[in-house]
Amino acid sequence: MGVMTSTDTPLDEKAMVAAAEKALTDIAAVRDEVSKVIFGQQDVVEKTLVAVLSGGHALLVGVPGLAKTKLVTTLGTVLGLDASRIQFTPDLMPSDILGTEVMDQDEHGKRSFRFVKGPVFAQLLMADEINRASPRTQSALLQSMQEYHITVAGQRYDLPSPFHVLATQNPLEQEGTYPLPEAQLDRFLLQVDVLYPDLAAERQILLDTTGIAETKPRRVLEGNRLQEIQMLIRQMPVSDRVVDAILSLVRSARPGQGNADTDRHVAWGPGPRAGQALMLCARARALYEGRLAPSVDDVHALAEPVLQHRMALTFSARAEGMSVRDVIGGLVRQLNG
C-alpha cells in the first residue's frame, strides 16, 4: 500500500468537497463504462474497483468462464493503465515474471549484462490462474506487490506507478492447483468471490456476445488521475465510531481475544494489515457509492472480502462443515447486535 509523502498537503474542507465531487463523476463514468461489457457482476465490479481505488491488489476467485479475465482487461482499458498479462502454468519460472539478464557484446568485443524487463513492469498486472504455478514462482510476486520494486542480481528496479496486481484463481478443489502462501494472500487487499450470473444477466451475455459486433470499452481515466483519486481517498475523514468498528471486527476474529466462537473455530486470525485494508476500502466504497465519509455499514459489507483470506479454521471446525464465511458472518451479526 502506498503512503502519503511529506509533500502531500491535506485539503481543506471546501477543496475536499470539490475534489470529491469531481472524483464521484469520474468513478461513475468508470462504473458505467465497465457495465457496458461486464453483465450481472455489479458486486464483483464494485469490490475490484474498491481495491484499485484504495491503491491495492485484488484476488478474484471463481471457476473458469465467469469473465474474470475480461473484467481485468476491461479495467485496464477504462482506467487508462498500461496493462500486461501472465498466464500462470506449472512450468512458469520467476524470471518469466520479473525479467532476466542477458549478455550483450558490442562492436569491440566487450561483453556486458543487460536486464530485460519482464511483464511485471506494468501499471496493471493480470496474474491469470495464479494458483496453477509452483509456490516458488508465486513468491516471485511477493516483493513487487509489497515493495513496488524488484531486485535482480543485487540491482533494484522500480515498478511503474500506479502498480496493481489483479490475480485470478481457480477454487483449490480443482486439480493441478497450489494453495497460495499465507504471506502472499495477505498482500491482497481483497478476495473477491466471482459467482455464476443470474438468469437475466446470462441472457444478456448470450445476446450481446454472440453477434457480429461486440461492445468495446473506452478509456475514461489516466494513471495520474487514478493516483489523485487514491490520494483523495486517503484524506477522507473517518469517524471514531468507524475506527472502533474496524478494531472490534478485526480483533474479534483472532483467537485468544475473548470471543468464545472464534477461540473454538479459528486457528489463526487477521493481522493489522486487515485493519489497514478495512480503513482504506471503507473510504473507497463510500466514495464509489457517492458518499464523502465511510460508515459502519461499509465496514460490515467489506468484512468478508477483507478477512476471508486472512484467517484459517481449526480442524474441528472444518470437520463440522463450517467455512470462514460462516465465522465472519457470525462476527458481523454479533457486532450488529
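**Exercise 1. Determine how the axes of helix 10 and helix 16 are placed relative to each other, and which residues form their contact.**

Solution. In this predicted model, the axes of helix 10 (residues 240-252) and helix 16 (residues 324-336) come within 10 Å and cross at roughly 140 degrees. Angles over 145 degrees would count as roughly antiparallel, and those from 65 to 115 degrees as roughly perpendicular. Helix 10 and helix 16 are therefore classed as oblique to each other. The crossing of helix 10 with helix 16 is right-handed. Helix 10 contributes Ser 248, Leu 249 and Ser 252 to the contact, while helix 16 contributes Leu 331, Val 332 and Leu 335. Sorted by class, the residues of this contact are four nonpolar and two polar, with no charged residues.

**Exercise 2. Compare the length of helix 16 with its expected span, and state which of its residues are buried and what covers them.**

Solution. Helix 16 consists of 13 residues. From its first C-alpha to its last, helix 16 reaches 18 Å, close to the 18 Å expected at 1.5 Å a residue. The buried residues of helix 16 are Val 324, Val 327, Ile 328, Gly 330, Leu 331 and Val 332. Among the elements covering these buried residues are helix 10, helix 11 (260-265), strand 10 (266-268), helix 13 (296-301), helix 14 (303-307) and strand 11 (312-313).

**Exercise 3. Decide whether the span of helix 2 agrees with its number of residues, and how far helix 2 is enclosed.**

Solution. Helix 2 (residues 42-53) has 12 residues, which should span 16 Å at 1.5 Å a residue. The end C-alpha atoms of helix 2 are 16 Å apart, so the two values agree. A residue counts as buried under 20% relative accessible area. The buried residues of helix 2 are Val 44, Val 45, Glu 46, Lys 47, Thr 48, Leu 49, Val 50, Ala 51, Val 52 and Leu 53. Because 10 of the 12 residues are buried, helix 2 is largely enclosed by the rest of the structure. Just after helix 2, Gly 55 adopts a positive phi of about 85 degrees.

**Exercise 4. Describe the packing of helix 1 and helix 3, and the residues that meet there.**

Solution. Helix 1 (residues 13-35) and helix 3 (residues 68-78) pack at about 135 degrees, and their axes are 10 Å apart. This angle makes helix 1 oblique to helix 3. Their crossing is right-handed. Val 30, Glu 33 and Val 34 of helix 1 meet Leu 71, Thr 74, Leu 75 and Val 78 of helix 3. The residues of this contact comprise five nonpolar, one polar and one charged.

How values were computed
Residues are numbered from 1 along each chain as its sequence is written. This is a predicted model: local features need pLDDT of at least 70, side-chain atom pairs count only at pLDDT 80 or more; totals for chains, interfaces and linings use all residues. Side-chain values use heavy atoms; hydrogens and water are left out. Helices (H or I, at least four residues) and strands (E, at least two) are DSSP runs, numbered from the N terminus. The expected span of a helix is 1.5 Å times one less than its number of residues. Buried means under 20% relative accessible area, exposed over 50%, partly exposed in between (1.4 Å probe, protein chains only). Axes are lines fitted to C-alpha atoms, for helices over the stretch in contact, and angles run from 0 to 180 degrees between N-to-C directions. Angles under 35 degrees count as roughly parallel, over 145 as roughly antiparallel, 65 to 115 as roughly perpendicular and the rest as oblique. A crossing is left-handed if the near helix is turned anticlockwise from the far one by less than a right angle, and right-handed if clockwise. Contact means heavy atoms within 4.5 Å. Ala, Val, Leu, Ile, Met, Phe, Trp, Tyr, Cys and Pro count as nonpolar, Asp, Glu, Lys and Arg as charged, and the others, Gly among them, as polar.
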